[in-house]
Amino acid sequence: MWECLGEFISNFKEDEPLKVAEIAIGKFEDVYNYLNKEKDIDIIKTDIQPNNKTTIKDDISNPNMNLYKNIDILYSIRPPYEIQPYLMNLRDKTNSILIIKPLFNEDLNIGENKMKLKNYKGISFYIYGDI
């Protein structure tokens, strides 16, 4: 299932490398690992409490915008309800695509923004931005 999300994101590659950031990665790195193996994808992973040395410490409520310079896609898997508005704020500041994969029965907490529900090869997630 998680490979499908990685595949969906990697399909955005065109002539230039794709810049991607996983926000609030926690300990679940399956999608990150899939994308990190892909050619022409420059990916970072961030969390307020990094689980390992390869995760960058960043507080999404006050993000280090240098990390997200020229970012194409932001995504977060099962982000806590309280940080979801900050994901949308970061998306607005970077003009990137935002993908949120919530828990199965969780409502989104993103205010007035209308994210589209997408189903790709059996995995459902929300997406917002120029697709």
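## Salt bridges

Asp92 and Arg91 form a salt bridge (a side-chain nitrogen of Lys or Arg within 4 Å of a carboxyl oxygen of Asp or Glu), with 3.2 Å between the closest N and O atoms. This is a predicted model, in which local features need pLDDT of at least 70 and side-chain atom pairs count only at pLDDT 80 or more, while totals for chains, interfaces and linings use all residues. Residues are numbered from 1 along each chain as its sequence is written, and side-chain values use heavy atoms, with hydrogens and water left out. Asp92 is partly exposed at 41% relative accessibility, whereas Arg91 is buried at 9% (buried is under 20% relative accessible area, exposed over 50%, partly exposed in between, with a 1.4 Å probe and protein chains only).

The structure holds 4 salt bridges. Another of them pairs Glu29 with Lys45, the closest N and O atoms being 2.9 Å apart. Glu29 lies in the loop between β1 and α2 and Lys45 in strand β2, so this pair ties together parts 16 residues apart in sequence. Both count as buried, Glu29 at 14% relative accessibility and Lys45 at 2%.

## The Lys13–Glu38 pair

Lys13 forms a salt bridge with Glu38, with 3.3 Å between the closest N and O atoms. Lys13 lies in the loop between α1 (2-10) and β1 (18-23) and Glu38 in the loop between α2 (30-36) and β2 (41-47), so the pair ties together parts that are 25 residues apart in sequence. Helices (H or I, at least four residues) and strands (E, at least two) are DSSP runs, numbered from the N terminus. Lys13 is partly exposed, with a relative accessible area of 27%, and Glu38 is partly exposed at 24%.
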